[in-house]
Amino acid sequence: MRNSDFWRLMDDEFGSGYAHVLASSAVLAAVGGRTAEEALKAGVHPRSVWLAVCDLQDVPAERRLGQDRPLKD
């Protein structure tokens, strides 16, 4: 997963406005007691950060892969 994938998943799940508030304010124990933004800047793999956000926000397993997108031609 790339950082861009992380942000797409955040925007899809929480909306673009709240995604950035959540990423900058919620402390995630699973990534060392950092916010998502801090963890990404420190080099924590974006998938680990995404899963930590999902756990904190009780995102159901069926939504953790994100929305289906049409294939590009």
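Reader: What makes the contact between the side chains of R64 and D55 a salt bridge in this model?

Author: In this predicted model, the side chains of R64 and D55 come to 2.9 Å, N to O, and because a salt bridge asks for a side-chain nitrogen of Lys or Arg within 4 Å of a carboxyl oxygen of Asp or Glu, the pair R64 and D55 qualifies. D55 itself has 48% relative accessibility and therefore counts as partly exposed, since exposed requires over 50%.

Reader: Why is the pair of D12 and R8 called a salt bridge, and where do the two residues lie?

Author: The closest N and O atoms of D12 and R8 are 3.8 Å apart, which falls within the 4 Å cut-off. Both residues lie in helix α1 (residues 3–14), four residues apart, about one turn of the helix.

Reader: Which class of accessibility does D5 fall into, and which does R2, its salt-bridge partner?

Author: The side chains of R2 and D5 meet at 3.7 Å, N to O; D5, with a relative accessible area of 19%, is buried, because the limit is under 20%, whereas R2, at 56%, is exposed.

Reader: Why is the pair of F6 and W7 called edge-to-face?

Author: The ring centres of F6 and W7 are 5.1 Å apart and the planes stand at 80°, so the pair meets both the limit of 6.5 Å for the centres and the requirement of over 60 degrees for edge-to-face. F6, at 0% relative accessibility, counts as buried, while W7, at 22%, is partly exposed.

Terms used. Residues numbered from 1 in each chain as written. Predicted model: local features only at pLDDT ≥ 70, side-chain atom pairs only at ≥ 80, totals over all residues. Heavy atoms only, no water. Phe/Tyr/Trp six-rings, centres within 6.5 Å; stacked < 30°, edge-to-face > 60°. Buried < 20%, exposed > 50% of the residue type's maximum accessible area, 1.4 Å probe, protein only.
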